[in-house]
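Here is a briefing on one protein model. Keep the sequence and the coordinates open while reading.

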Amino acid sequence: MTHITNLDTVWNHLKSENVDHEVDILPPEKYGWLSVFCNLLQPKSNLLPKELSDEKSVLIKLSKCPFNHEDPLHMQMISTLFNKLTGLNSPAALGSHWEIVGFQGVDPATDFRGVGILGLLQPLAVCLCVETLPFMSNVVSLSHSPSQGFPFMVLSLNVSNIVLKALKDGVLDRMIKEKETVLGVTTICYTAILFFIYDNWKKEKLTLSDCGSVFKRAETICKKELSRHISSFDNYIKELTLNETPAVQLEQVQFDFIKDMSNSAAMTT
């Protein structure tokens, strides 16, 4: 299968497939007269232009769009992501190979139920950027740690869920208006939150038992300190590029993958 090299092609296709669907983007806690009252009080200057509002609706719609093995673009997206994270080609639509990047079982479709195809678009966007791919490789490397390991894609989907909630609640609207892009801002938000978790996971020697608390902290910074953590991630990327710090060695990922497959085969015989 041909791998994706250009995010714009993917985004334009997804927009064309979902642009006609209307989505309720009001914060979930506002209902009835309270919702109307809050809308009346909202300054007109804070409202998104129609083009950005439509783009926001598309992204929210994607969170309700399930991963479909029969959709060629969905398969191309997930195969590209797998290749970027491991250096390997995905051998089959179903199989234990998906667990190497942190899916919970042989069928990755089951893990996307919470955030839909949005949960695939966000890590793919970061992986398709030359500057940020080494960061994703480092996160995958940490996820394989014997003492601090975690299922990468499960963690990533939780980050996407945090971003999705911020998008729905209007937390990102000001930045979206300033940057004039919804996809760009949500991707920046995703990387900043993922970096916060990755950085603290390393420094504080966190393990899977700490997931609940670190996700709560991530939700808080998404609401109140996002700009500062975007700057932190930007500085990290600059330092990574300047020092040419080696990311995870794909050869080691491949070795671990083959070893895992061999162990699985031995257990079934």
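**Briefing**

F67, F82, W98, F103 and F112 form one aromatic cluster. Rings of Phe, Tyr and Trp (its six-membered ring) pair if their centres lie within 6.5 Å; planes under 30 degrees apart are stacked, over 60 edge-to-face, and the rest tilted. This is a predicted model: local features need pLDDT of at least 70, side-chain atom pairs count only at pLDDT 80 or more, and totals for chains, interfaces and linings use all residues. Residues are numbered from 1 along each chain as its sequence is written, and side-chain values use heavy atoms, with hydrogens and water left out.

**Aromatic pairs**

- The structure holds 13 aromatic pairs.
- F135 and Y198 make an edge-to-face pair, because their ring centres are 5.7 Å apart and their planes stand at 85°.
- That pair links distant parts of the chain: F135 is in helix α6 (residues 133-143), Y198 is in helix α9, and 63 residues separate them. Helices (H or I, at least four residues) and strands (E, at least two) are DSSP runs, numbered from the N terminus.
- F135 is buried, with a relative accessible area of 0%. Y198 is buried at 8%. Buried means under 20% relative accessible area, exposed over 50%, and partly exposed in between (1.4 Å probe, protein chains only).
- Y198 also pairs with Y236: the centres are 6.4 Å apart and the planes are at 65°, so this pair is edge-to-face.
- Here too distant parts of the chain are linked, with Y198 in helix α9 and Y236 in helix α11 (residues 226-243), 38 residues apart.
- Y236 is buried, at a relative accessible area of 15%.

**Second largest pocket**

- About 270 Å³ of space lies in this second largest pocket. The volume is the space filled by probe spheres set on grid points, which are joined across faces, edges and corners.
- A pocket is an open set of points on a 1 Å grid over the protein atoms alone, where a 1.4 Å probe fits, with protein on both sides within 12 Å along at least five of seven lines; lining residues have an atom within 4 Å of a point.
- The second largest pocket has 16 lining residues, and T132, G184, T187, I188 and T191 lie nearest its centre.
- Elements giving two or more residues to this lining are α5 (118-127), α9 and α11.
- α9 gives the most, with six residues.
- By class, the lining has ten nonpolar, five polar and one charged residues. Ala, Val, Leu, Ile, Met, Phe, Trp, Tyr, Cys and Pro count as nonpolar, Asp, Glu, Lys and Arg as charged, and the others, Gly among them, as polar.

**Helix α3 and the annotated segment**

- Helix α3 (residues 50-62) has 13 residues and should span 18 Å at 1.5 Å a residue; its end C-alpha atoms are 18 Å apart, which agrees. The expected span is 1.5 Å times one less than the number of residues.
- Buried residues in α3 are L52, E55, K56, S57, V58, L59, I60 and L62.
- An unreviewed UniProt entry annotates residues 181-198 as "transmembrane region".
- Over residues 181-198 the chain is 94% helix and 0% strand, with end C-alpha atoms 26 Å apart.

**Positive phi**

- Most residues other than glycine have a negative phi.
- E180 is not a glycine, yet its phi is positive, at about 60°. E180 lies in the loop between α8 (173-179) and α9 (182-203), and is exposed at 62% relative accessibility.
- K205 also has a positive phi, near 55°. K205 sits in the loop between α9 and α10 (211-224), and is exposed at 59%.

Notes
UniProt positions renumbered as here; feature names shortened; annotations may be inferred.
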